[in-house]
Amino acid sequence: MDNWEKRVEDCLLQVREKTDFVPKAALILGSGLGALADEITCVESISYKEINGFPVSTVAGHKGRFVLGYIGEMPVIIMQGRVHYYEGYPMPEVVLPIRLMRRMGAEILFLTNAAGGINPTFSPGDFMMISDQISSFVPSPLIGPNVEAWGMRFPSMDTVYDKKLCGILKDTAQRLGIPLKQGVYLQTTGPNYESVAEVKMFGKLGADAVGMSTAAEAIAAKHMGMRICGISCISNMAGGTSENPLTHEEVNAIANKAAPQFKKLVKEAIIRMAEERF
């Protein structure tokens with residue numbers, strides 16, 4: 001088994017050779033949001049490939065780099081492209097970027113993604129603030145020896161998504177006039193989309209949206225004491241709930257169409273978080 005603590009610390013040393021920037025918030029950009037990283041006051045960018053031992057995304061359209069800089073007064077580190085479990089990485093490696101960003105100094109994790117809508121009141125293009133999650137369909141990133149320096153062996157998950165941060169998201173959306181739904185996000189392994197029967201099951205379990213990322217990242221962040229919030233862009237209705245078979249192109253098209261409002265909401269919310277001086 002890899003020594004994940006050593007892997008993270010090795011990555012941290014390499015990053016510190018390039019920059020001494022200390023972020024307050026970490027932001028993971030999902031499908032359609034990648035351009036947000038090009039709109040901040042940039043201090044430094046680091047390709048994942050420049051960091052030995054760091055997992056590199058194989059998904060088309062993901063740039064695969066960290067962008068460090070400022071959104072308003074908030075020092076941020078942005079992941080422009082994430083790593084997914086379905087790419088073949090073990091789960092501890094999938095969340096290695098979360099561990100690294102926390103070790104760099106990030107206290108807040110802002111998760112974004114494109115997700116399939118399960119809640120029948122949702123429509124493609126809607127935004128859903130994640131109020132809770134179901135991670136039972138993927139391995140926990142905490143399996144294996146616990147690193148005491150990162151967090152306790154049995155961390156509580158009763159409040160994964162920080163209530164104060166969620167309050168800022170809701171208030172910001174209201175101020176901007178952007179409708180913001182809320183609900184439970186469920187992570188599957190992917191890369192296949194869900195069957196009709198699975199979507200029905202997920203709905204009965206209490207899920208409002210489904211995707212292939214995010215929940216495991218939130219667990220790792222919670223383990224390390226980060227404050228977490230997240231927004232899903234409902235890019236499609238989950239498999240089997242629409243007349244035509246779901247495609248990756250459809251997901252990207254809707255996510256890209258919703259991107260301008262999504263970026264505005266994310267940027268303004270982060271500015272508000274900085275003003276709250278957490």
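Proline 191 is placed in the loop between strand E7 (181-187) and helix H5 (196-205). In this predicted model, a cis peptide bond joins proline 191 to glycine 190, with omega at about 0°.

**Backbone features**

- Threonine 214 takes a positive phi of about 80°, although this residue is not a glycine.
- The position of threonine 214 is the loop between strand E8 (209-211) and helix H6 (215-223).
- Threonine 214 has a relative accessibility of 1% and therefore counts as buried, the cut-off being under 20% relative accessible area.

**The cavity**

- Over the whole structure, the search finds 1 cavity of 30 Å³ or more.
- The largest cavity holds about 40 Å³ of space.
- Threonine 214 belongs to the lining of the largest cavity, together with Met212, Ser213, Ala216 and Glu217.
- The lining of the largest cavity also includes Arg82, Val83, His84 and Tyr85, as well as Val94 and Gln187.
- By class, 5 nonpolar, 4 polar and 2 charged residues make up the lining of the largest cavity.

**The second largest pocket**

- The second largest pocket contains about 250 Å³ of space.
- Its lining consists of 20 residues, and those nearest the centre of the pocket are Trp4, Ile143, Pro145, Val147 and Trp150.
- Among the lining residues of the second largest pocket, 12 are nonpolar, 4 are polar and 4 are charged.
- Helix H1 (4-18) and helix H3 (96-104) each contribute at least two residues to the lining of the second largest pocket.
- H1 provides the largest share of that lining, with 3 residues.

**Helix H3**

- H3 is mostly covered, with 7 of its 9 residues buried.

**Aromatic pairs**

- There are 6 aromatic pairs in the structure.
- One of them joins tyrosine 48 and phenylalanine 54 in a tilted arrangement, with 4.9 Å from centre to centre and 40° between the planes.
- Tyrosine 48 has a relative accessible area of 0% and is therefore buried.
- Phenylalanine 54, with a relative accessible area of 6%, is buried as well.
- Phenylalanine 54 also pairs with phenylalanine 66, and this pair is edge-to-face: the centres are 5.4 Å apart and the planes are at 70°.
- The pair of phenylalanine 54 and phenylalanine 66 links distant parts of the chain, 12 residues apart.
- Phenylalanine 54 lies in the loop between strand E2 (41-47) and strand E3 (65-71), whereas phenylalanine 66 lies in strand E3.
- Phenylalanine 66, like phenylalanine 54, is buried.
- Tyr48, Phe54 and Phe66 form one aromatic cluster.

**Asparagine 146**

- Asparagine 146 is located in the loop between strand E6 (127-134) and helix H4 (163-176).
- The relative accessible area of asparagine 146 is 18%, so this residue is buried, given that burial requires a value under 20%.
- The side chain of asparagine 146 reaches the backbone oxygen of glycine 151 at a distance of 2.9 Å.
- Leaving aside residues up to four places away in sequence, asparagine 146 touches Gly151, Met152, Arg153 and His223.

**Valine 266**

- Valine 266 is part of helix H7 (residues 248-276).
- With a relative accessible area of 0%, valine 266 is buried.
- Apart from residues up to four places away in sequence, valine 266 touches Leu27, Leu33, Leu36, Phe110 and Thr112.
- Valine 266 and aspartate 132 are 134 residues apart along the chain, and their C-alpha atoms are separated by 19 Å.

Key: Residues numbered from 1 in each chain as written. Heavy atoms only, no water. 1 Å grid on protein atoms, 1.4 Å probe; cavity = no way out; pocket = protein on both sides within 12 Å on 5 of 7 lines; lining within 4 Å. Points joined across faces, edges and corners; volume = space filled by probe spheres on them. Helix = DSSP H or I, 4+ residues; strand = E, 2+ residues; numbered from the N terminus. Nonpolar A, V, L, I, M, F, W, Y, C, P; charged D, E, K, R; others polar. Buried < 20%, exposed > 50% of the residue type's maximum accessible area, 1.4 Å probe, protein only. Polar contact = N/O pair within 3.5 Å; in protein donor to acceptor, adjacent residues only side chain to side chain. Contact = heavy atoms within 4.5 Å. Phe/Tyr/Trp six-rings, centres within 6.5 Å; stacked < 30°, edge-to-face > 60°.
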